[in-house]
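Here is a short tour to read alongside the model.

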Amino acid sequence: MPLLAEYAITPDVFDQTCYGSDEIGAVYLQHLKEVLLSEGLVRNLRGGEWLSLLKADDRPWHLRGKELLKKLIQQGRLRLCKSCLPVYPSTDAEWCQEALSCHAVLPLNGIVATRTVADRFSSQPLVASIDQLPITAWWAGRSPSVRLRRSRAHYKENLHLVLECANSIMFIDPHIDPSLNRYSDLVSLIGSLAGRNPVPLIEIHRVCYVGSGPNRSIVVAADWKRRFRIIEASLVSAGLSVEVFVWDDFHDRYLISDLIGISIPYGFDTTTDPTDITTWTRLGRQERDDIQKEFHPASNRHALRHQFRVP
């Protein structure tokens, strides 16, 4: 299971009449909310018709379900998906079939329904009842960390949902330098954001020096601008822009977005050594937000030496 996963949820999950009591529904929906708002996206099926159904008053939606939907919208965690079935689903089971059909086109990590709907799809391991999630393999298999090779392919595989859906992305690595070959794959990662509408906010954060110990030397602003100008042409062709922040000093490395924060111990450089394995860890929401504040220009935790935009 990736650090950021994508699910489909059938409408019955939000319906208070589909639970034995409001209290039982509240418990299940609260657990679902905690996971989705930290590590998940929800597919907005049939070009947004799924959301339109849930925003209408045609069914008695559970209060906790309404709260969850509101948060998903506010945090940008709904991912629009084209219709896959030829006709509009008229039942919860048909919405589940719509989700399965979309999964065949663009894979999901799981589909959440209530027991009545899930029992009709018992042969489909991707479909689970909300009350059975703790014993469902794909849900129980979630992990706050992942082991991967330090290669462009593995970085893209583990970041594809972030790159496709996040509205803001901060690449925080004290040694990022586009003029170095080992960071050329980072340029490719950023380039994969091309075609997004709206264009995401992209930031790069690094330190003002190169080298270490007695070999450390401060690099002036003009030189940093020259080094980052290397990626200007590729950014222009992709319709992208990057804000670069050069700080006095820091050591830890992260990817911080509006959807997820990840601790990345070795940063964003890559290697061709297939035995070079690293571990990425998903941050809690509070830690992610604190790191974002730490690298804000108004923060006093580091001294901002230079700031410029490319192009």
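Helices α1 and α3 are roughly parallel to each other, because their axes cross at an angle that falls under 35 degrees. In this predicted model, residues are numbered from 1 along each chain as its sequence is written, and side-chain values use heavy atoms, with hydrogens and water left out. Local features need pLDDT of at least 70 and side-chain atom pairs count only at pLDDT 80 or more, while totals for chains, interfaces and linings use all residues.

The axes of α1 (residues 22–39) and α3 (residues 63–74) cross at roughly 10° and come within 9 Å. Axes here are lines fitted to C-alpha atoms, for helices over the stretch in contact, with angles running from 0 to 180 degrees between N-to-C directions. From α1, the residues A26, L29, Q30, L32, K33, L36 and L37 meet R64, G65, L68, K71 and L72 of α3; contact means heavy atoms within 4.5 Å.

Helix α7 (residues 152–165) and helix α8 (residues 184–191) have axes that come within 10 Å and cross at roughly 30°. The crossing of α7 and α8 is right-handed, meaning that the near helix is turned clockwise from the far one by less than a right angle. On the α7 side the contact is made by R152, Y155, K156, L159 and L163, and on the α8 side by D185, S188 and L189.

Stepping back, the chain has eleven helices and 15 strands, taken as DSSP runs (H or I, at least four residues, for helices; E, at least two, for strands) and numbered from the N terminus. The C-alpha trace spans about 70 × 40 × 35 Å along its principal axes. Of the 311 residues, 50% count as buried, where buried is under 20% relative accessible area, exposed is over 50% and partly exposed is in between (1.4 Å probe, protein chains only). Among contacts between residues at least 6 apart in sequence, 75% join residues at least 24 apart.

Now to the charges. The count comes to 22 salt bridges, each being a side-chain nitrogen of Lys or Arg within 4 Å of a carboxyl oxygen of Asp or Glu. Three of them are listed here:

| Salt bridge | N to O distance | Separation in sequence |
|---|---|---|
| R79 – E164 | 2.3 Å | 85 residues |
| R182 – D269 | 2.9 Å | 87 residues |

In the R79–E164 salt bridge, R79 lies in strand β3 (residues 78–80) and E164 in helix α7, so the pair ties together separate parts of the sequence. R79 is buried at 14% relative accessibility, whereas E164 is partly exposed at 38%. R150 is buried too, with a relative accessible area of 8%.

Which buried residue has no salt bridge? R206, in strand β8 (residues 201–207), is buried without one, and the nearest side chain of opposite charge, D177, is 4.8 Å away. In this count Lys and Arg are positive and Asp and Glu negative, with His and the chain ends not counted. Leaving aside neighbours within four places in sequence, the contacts of R206 include D173, H175, D177, W224, F228, W247 and F250.

Methods:
Parallel < 35°, antiparallel > 145°, perpendicular 65-115°, else oblique.
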